[in-house]
Amino acid sequence: MAESFEVDRNDMFWLDDMPSVLMAAHELKSPLSLIRQLGFSLEDETMSHTDRRKAIERIILTSERSLRLTSDLTRTARLDDALFNMEPLSPDQICQQVASDMSPLSQAYGLDVYFRRRRSLPLVVANRDLLIRIVTNFVDNAIHYADKSQKIELDAKLIGREQMVRLSVRDFGPGVSKKALRKMFERSSDQTNLPTRPLSSGLGLYIVSSFAQAMNGRVGAVRHRDGVSFYVDVQASSQLSLL
Amino acid sequence: MIDVTGLRVLIVDDDKWLVDELRRRLTAAGCLVDGAGDGIEAIDKIDQALPEVIVLDIMLPGANGISLLHELQSYSDTGMIPVIILSSSVEVADSKRLSPYGVTDVIDKATMMPDDVVSAIRRSQA
């Protein structure tokens, strides 16, 4: 059975454990460290042409990922001051664009990003840029945690009577039983206060929940036996019912 | 120099491309390398084949590297495996606090040189 929970940027325990600046530094150091190591590998004259091409591709894609993160952080810092243009948007179009934008990265990881198109989906009222950034962040996260040779599924659907549309990204990574996790955390909780990432990149979740709240939306996750879905709920456009 | 040919090394890191890069270097040094993306997968891999050295990232999805260290320490066969910590957050990974858990080296990913992990593996076998 899937377990669902919502994410509030003001209620993320890891932020209490680790200063957000430190978390941001960690998140930026990891890709930069990888780029540096790939740069070293290019100096290795015994490296095959194929491995060399792969290293160059990974340097480019990792750089782009870091730049996305820094751009998102900048946007997060300016959310309170900024005025965002809210407009009717097609969730189909948003999902298709993200799937297309992220295909070079997903292909480099041997993953397919698949969009599950549904009929009669209303438009949503959101800021185009922020919504794309949220879904992109979910896909980026899924690419890093999905099992190799598995797919990543984008979905958009109307939920409940709330007139909200849920855009979700599901990966098919290994399922982690709550019992196994609880056992490990219970053992370590009294002996260390080192931070853990709840399900994925904590900073990424902080960014997307900030973006969602700026649009009166909400972010959450559903844990499956064989992976995780991250979702954003945004208001459906009431105009669509007249179309 | 200590020969590491045939040494079974498990790399536990959620960065698949970094694992690939380390695998390439350690394989060139003669090690037999396996990789795991998180603590749970690492335990599965350890159950299948006991490694002789573990290269472990601290920040892992789901359960952190420290949790895995505690798990390893709770069994006699895994408690003796030398562990090399590889992290972007070495400032929060106090090597003195980690030494009781079989940690022989702490390497900062940000300043790591190409031969550092192989050298640390050799030291762990001294």
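Start by selecting A:Arg170 and A:Phe172: the charged end of A:Arg170 sits over the ring of A:Phe172, 4.0 Å from its centre. A charge sits over a ring here if NZ of Lys or CZ of Arg is within 6 Å of the ring centre and within 35 degrees of the ring normal. A quick note before moving on: this is a predicted model, where local features need pLDDT of at least 70 and side-chain atom pairs pLDDT 80 or more, while totals for chains, interfaces and linings use all residues. Residues are numbered from 1 along each chain as its sequence is written, chains are lettered from A and ligands numbered from 1 in the order written, and side-chain values use heavy atoms, leaving out hydrogens and water.

Next, pick A:Arg166, which lies over the face of A:Tyr231, 3.6 Å from the ring centre.

Now for rings with rings. Rings of Phe, Tyr and Trp (its six-membered ring) pair if their centres lie within 6.5 Å; planes under 30 degrees apart count as stacked, over 60 as edge-to-face and the rest as tilted. How many aromatic pairs does that give over all chains? The count is two.

Select A:Tyr109 and B:Trp17: they are stacked, 4.3 Å centre to centre with 15° between the planes. A:Tyr109 lies in a loop of chain A and B:Trp17 in helix 1 of chain B, so the pair joins two chains.

Methods: Helices (H or I, at least four residues) and strands (E, at least two) are DSSP runs, numbered from the N terminus.
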